[in-house]
Amino acid sequence: LEPESAAYHIPSVLRLRGRLDVDALQRSFDSLVARHETLRTRFRLEGGRSYQQVQPAVSVSIEREQFGEEGLIERIQAIVVQPFDLERGPLLRVNLLQLAEDDHVLVLVQHHIVSDGWSMQVMVDELLQAYAAARRGEQPTLAPLKLQYADYAAWHRAWLDSGEGAR
């Protein structure tokens with residue numbers, strides 16, 4: 001409804017201190033995007049209606065830049081408010097601000113149409129596990145997902161259609 005608004009952006013900012021393996025971090029994001037349909041979702045407008053479209057594969061690249069402490073908060077705010085294109089996706093943005101060789105700020109922003117605060121925490125937790133595995137040269141050993149969000153949405157719609165919506 002308001003494509004330029006950041007009201008529906010869910011940010012998470014992590015300060016990473018110590019040696020960072022950026023390739024392992026990228027592999028970690030690749031595994032998360034492959035694992036979660038919502039991270040591969042976009043929304044197309046057709047005939048005045050919006051439709052969810054899950055892409056079979058999506059690349060979410062880490063946007064890297066050198067930065068200093070001066071103006072760091074303002075740079076993070078600028079990343080957070082940058083608009084998403086719901087029709088093109090992806091609806092996850094990853095920026096890595098390198099302050100020093102062993103000091104980084106990771107800025108993750110998701111659109112609320114595919115995430116919420118609880119989901120963002122799940123993603124961060126899984127990211128940490130995937131990164132640890134990638135650093136060891138292994139695949140993450142996350143439990144298989146029993147449901148994707150679309151499964152929950154279908155169940156919820158059926159529940160509402162069963163009379164609960166009217167009640």
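Start at the largest pocket, with a volume of about 850 Å³ (the space filled by probe spheres set on grid points joined across faces, edges and corners). A pocket here is an open set of points on a 1 Å grid over the protein atoms alone, where a 1.4 Å probe fits, with protein on both sides within 12 Å along at least five of seven lines; lining residues have an atom within 4 Å of a point. The model is predicted, so local features need pLDDT of at least 70 and side-chain atom pairs 80 or more, while totals for chains, interfaces and linings use all residues. Residues are numbered from 1 along each chain, and side-chain values use heavy atoms, without hydrogens or water.

Select Thr38, Val114, Ser119, Gln148 and Tyr149: of the 28 lining residues, these lie nearest the pocket's centre. Now colour helix H4 (149–164), which gives the largest share of the lining, seven residues. Helices are DSSP runs (H or I, at least four residues), as are strands (E, at least two), numbered from the N terminus.

Next, pick Arg135, in helix H3. Beyond its neighbours within four places in sequence, Arg135 is in contact (heavy atoms within 4.5 Å) with Arg19, Asp21 and Ala24. Its C-alpha atom is 9.8 Å from that of Val22, 113 residues apart along the chain.

Last stop: Leu25. Leaving aside neighbours within four places in sequence, Leu25 is in contact with Leu20, Ile62, Leu106, Leu127 and Tyr131.
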